[in-house]
Amino acid sequence: MLFHCESLVISTSAPIQIVDITDRVKGVFDGHPISNGQLTLTSSHTTAFVALNEKEPKLQQDMLDFLSDLAPAGRAYRHDIDPVDGRPNAHSHLIGLFMNASESILVSDGKLLLGEWQSIFLIELDGPRSQRILRVQIAGEV
(Lines give C-alpha, C1' and ligand atoms only; values in the text may rest on other atoms or scores of the structure.)
Protein backbone atom coordinates (compact mmCIF):
# COMPACT_ATOMS: atom_id res chain seq x y z
CA MET A 1 0.00 0.00 0.00
CA LEU A 2 1.24 3.49 -0.87
CA PHE A 3 0.76 6.63 1.21
CA HIS A 4 1.30 10.24 0.27
CA CYS A 5 0.71 13.30 2.47
CA GLU A 6 0.78 16.90 1.30
CA SER A 7 -0.42 20.26 2.62
CA LEU A 8 -2.53 22.85 0.86
CA VAL A 9 -2.31 26.46 2.03
CA ILE A 10 -5.40 28.54 1.38
CA SER A 11 -6.07 32.19 2.17
CA THR A 12 -9.54 33.54 2.83
CA SER A 13 -10.96 37.02 2.45
CA ALA A 14 -14.27 37.08 4.36
CA PRO A 15 -15.48 36.37 7.90
CA ILE A 16 -17.51 33.40 6.65
CA GLN A 17 -16.55 32.05 3.26
CA ILE A 18 -17.02 28.94 1.13
CA VAL A 19 -13.89 28.27 -0.93
CA ASP A 20 -14.05 25.72 -3.74
CA ILE A 21 -10.86 23.66 -3.48
CA THR A 22 -11.92 20.82 -5.79
CA ASP A 23 -9.35 21.59 -8.51
CA ARG A 24 -6.52 21.97 -5.98
CA VAL A 25 -7.34 18.62 -4.36
CA LYS A 26 -7.63 16.94 -7.75
CA GLY A 27 -4.25 18.47 -8.66
CA VAL A 28 -2.66 16.76 -5.66
CA PHE A 29 -4.37 13.48 -6.49
CA ASP A 30 -3.55 13.56 -10.21
CA GLY A 31 0.19 13.50 -9.46
CA HIS A 32 0.10 10.06 -7.83
CA PRO A 33 -0.22 6.52 -9.17
CA ILE A 34 -2.83 5.24 -6.68
CA SER A 35 -5.70 3.58 -8.49
CA ASN A 36 -7.75 2.16 -5.60
CA GLY A 37 -7.97 3.50 -2.05
CA GLN A 38 -8.98 6.80 -0.55
CA LEU A 39 -8.09 10.44 -0.24
CA THR A 40 -8.58 12.07 3.15
CA LEU A 41 -8.60 15.83 3.55
CA THR A 42 -8.22 17.27 7.07
CA SER A 43 -8.34 20.85 8.34
CA SER A 44 -5.74 21.80 10.94
CA HIS A 45 -8.05 24.44 12.45
CA THR A 46 -10.91 24.77 14.91
CA THR A 47 -12.70 27.44 12.88
CA ALA A 48 -12.17 26.19 9.31
CA PHE A 49 -13.72 22.99 8.04
CA VAL A 50 -14.03 20.71 5.04
CA ALA A 51 -17.29 19.86 3.29
CA LEU A 52 -18.63 18.12 0.22
CA ASN A 53 -21.59 19.88 -1.30
CA GLU A 54 -23.02 21.38 -4.46
CA LYS A 55 -21.40 24.38 -6.12
CA GLU A 56 -24.33 26.55 -7.07
CA PRO A 57 -24.22 30.31 -6.38
CA LYS A 58 -27.71 30.70 -4.90
CA LEU A 59 -27.26 27.62 -2.71
CA GLN A 60 -23.87 28.88 -1.54
CA GLN A 61 -25.44 32.22 -0.54
CA ASP A 62 -28.14 30.29 1.32
CA MET A 63 -25.36 28.37 3.10
CA LEU A 64 -23.59 31.60 4.10
CA ASP A 65 -26.85 33.07 5.40
CA PHE A 66 -27.62 29.88 7.34
CA LEU A 67 -24.18 29.77 8.95
CA SER A 68 -24.36 33.46 9.89
CA ASP A 69 -27.80 32.95 11.47
CA LEU A 70 -26.83 29.75 13.31
CA ALA A 71 -24.61 31.52 15.85
CA PRO A 72 -24.49 35.25 15.19
CA ALA A 73 -21.27 37.14 15.85
CA GLY A 74 -21.35 39.77 18.56
CA ARG A 75 -23.59 38.01 21.07
CA ALA A 76 -22.48 37.85 24.71
CA TYR A 77 -20.41 34.66 24.37
CA ARG A 78 -18.14 33.92 27.35
CA HIS A 79 -15.27 32.90 25.06
CA ASP A 80 -15.23 36.41 23.58
CA ILE A 81 -14.59 38.14 26.93
CA ASP A 82 -10.87 37.31 26.93
CA PRO A 83 -10.04 35.17 23.87
CA VAL A 84 -6.65 33.47 23.84
CA ASP A 85 -5.71 34.79 20.39
CA GLY A 86 -7.50 38.14 20.69
CA ARG A 87 -10.21 37.15 18.22
CA PRO A 88 -13.80 37.27 19.53
CA ASN A 89 -14.71 34.13 17.59
CA ALA A 90 -16.96 32.04 19.86
CA HIS A 91 -19.60 32.08 17.12
CA SER A 92 -17.10 30.40 14.75
CA HIS A 93 -16.39 27.60 17.21
CA LEU A 94 -20.09 27.10 17.89
CA ILE A 95 -20.96 26.82 14.19
CA GLY A 96 -18.03 24.39 13.85
CA LEU A 97 -19.77 21.96 16.21
CA PHE A 98 -21.97 21.04 13.24
CA MET A 99 -19.18 20.68 10.68
CA ASN A 100 -16.47 18.17 9.75
CA ALA A 101 -12.75 18.70 10.20
CA SER A 102 -12.12 16.00 7.59
CA GLU A 103 -13.66 14.25 4.61
CA SER A 104 -12.68 11.01 2.92
CA ILE A 105 -13.26 10.39 -0.77
CA LEU A 106 -13.00 6.92 -2.25
CA VAL A 107 -10.65 6.25 -5.15
CA SER A 108 -11.45 3.64 -7.79
CA ASP A 109 -9.78 2.98 -11.13
CA GLY A 110 -7.57 6.04 -10.62
CA LYS A 111 -10.49 8.45 -10.11
CA LEU A 112 -11.91 10.30 -7.13
CA LEU A 113 -15.45 9.03 -6.62
CA LEU A 114 -17.21 12.35 -6.20
CA GLY A 115 -20.91 12.50 -6.95
CA GLU A 116 -22.15 14.34 -10.01
CA TRP A 117 -22.96 17.48 -8.00
CA GLN A 118 -20.24 17.22 -5.35
CA SER A 119 -17.46 19.74 -4.99
CA ILE A 120 -14.90 20.00 -2.20
CA PHE A 121 -14.98 23.12 -0.03
CA LEU A 122 -13.02 24.77 2.72
CA ILE A 123 -15.54 26.49 4.98
CA GLU A 124 -14.00 29.51 6.67
CA LEU A 125 -15.80 30.61 9.84
CA ASP A 126 -13.28 33.09 11.28
CA GLY A 127 -11.75 35.00 8.43
CA PRO A 128 -10.17 36.62 6.76
CA ARG A 129 -7.06 34.51 7.26
CA SER A 130 -3.83 34.58 5.30
CA GLN A 131 -3.16 30.88 5.88
CA ARG A 132 -5.44 27.92 6.36
CA ILE A 133 -3.67 24.58 6.19
CA LEU A 134 -5.35 21.45 4.88
CA ARG A 135 -3.63 18.08 4.91
CA VAL A 136 -4.26 15.72 2.03
CA GLN A 137 -3.43 12.06 2.55
CA ILE A 138 -3.77 9.59 -0.30
CA ALA A 139 -3.63 5.90 0.59
CA GLY A 140 -4.13 2.88 -1.62
CA GLU A 141 -2.79 0.50 -4.19
CA VAL A 142 -1.31 1.09 -7.61
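In this predicted model, the hairpin formed by strand 5 and strand 6 has two residues between its strands, and aspartate 109 there takes a positive phi near 50°. Strand 5 and strand 6 (residues 111–112) run antiparallel and are joined by two bridges, with serine 108 standing opposite lysine 111 of strand 6. Strand 5 also pairs with strand 3, again in the antiparallel sense, over six bridges, and within that pairing leucine 106 of strand 5 is the bridge partner of glutamine 38. The two faces of strand 5 can be told apart by their cover: Glu103, Ile105 and Val107 make up the covered face, whereas Ser102, Ser104, Leu106 and Ser108 make up the uncovered one.

Which residues of the largest nonpolar core touch the most other members? Among its 21 residues, these are Ile21, Leu39, Leu41, Ile120 and Leu134. At least two residues of this core come from each of strand 1 (2–10), helix 1 (22–30), strand 3 (36–43), strand 4 (48–54), strand 5 (102–108), strand 7 (118–124) and strand 8 (132–141). A second, separate core has 14 residues, including Ala71, Met99, Ile123 and Leu125. Beyond its neighbours within four places in sequence, isoleucine 21 is in contact with Ile10, Leu41, Ile120, Phe121, Leu122 and Leu134.

Threonine 22 belongs to helix 1 and, with 7% relative accessibility, counts as buried, because the limit for that class is under 20%. Its side chain reaches the backbone nitrogen of isoleucine 120 at 2.7 Å, and, when residues up to four places away in sequence are not counted, threonine 22 touches Leu114, Ser119 and Ile120.

Side chains of opposite charge can pair when their charged atoms come close. A search of the whole structure finds four salt bridges, including those in the table.

| Salt bridge | N to O distance |
|---|---|
| Lysine 55 and aspartate 20 | 3.0 Å |
| Arginine 87 and aspartate 126 | 3.0 Å |
| Arginine 132 and glutamate 124 | 2.8 Å |

The salt bridge between lysine 55 and aspartate 20 links distant parts of the chain, with lysine 55 in the loop between strand 4 and helix 2 and aspartate 20 in strand 2, 35 residues apart. Aspartate 20 is partly exposed, at a relative accessible area of 29%.

For the salt bridge of arginine 87 with aspartate 126, arginine 87 lies in the loop between helix 2 and helix 3 (90–96) and aspartate 126 in the loop between strand 7 and strand 8, so the pair ties together parts that are 39 residues apart in sequence. Aspartate 126 is buried, with a relative accessible area of 7%, whereas arginine 87 is partly exposed at 25% relative accessibility. A network of salt bridges links Arg87, Asp126 and Arg129. Glutamate 124 and arginine 132 are both buried.

Methods
Residues are numbered from 1 along each chain as its sequence is written. This is a predicted model: local features need pLDDT of at least 70, side-chain atom pairs count only at pLDDT 80 or more; totals for chains, interfaces and linings use all residues. Side-chain values use heavy atoms; hydrogens and water are left out. A nonpolar core is a set of buried Ala, Val, Leu, Ile, Met, Phe, Trp, Tyr and Cys residues joined through side-chain atoms within 4.5 Å. Buried means under 20% relative accessible area, exposed over 50%, partly exposed in between (1.4 Å probe, protein chains only). Helices (H or I, at least four residues) and strands (E, at least two) are DSSP runs, numbered from the N terminus. Contact means heavy atoms within 4.5 Å. A polar contact is a pair of N or O atoms within 3.5 Å; within protein, one must be able to donate a hydrogen and the other to accept it, and residues adjacent in sequence count only if both atoms are side-chain atoms. Two strands pair if DSSP finds at least two bridges between them. A salt bridge is a side-chain nitrogen of Lys or Arg within 4 Å of a carboxyl oxygen of Asp or Glu.
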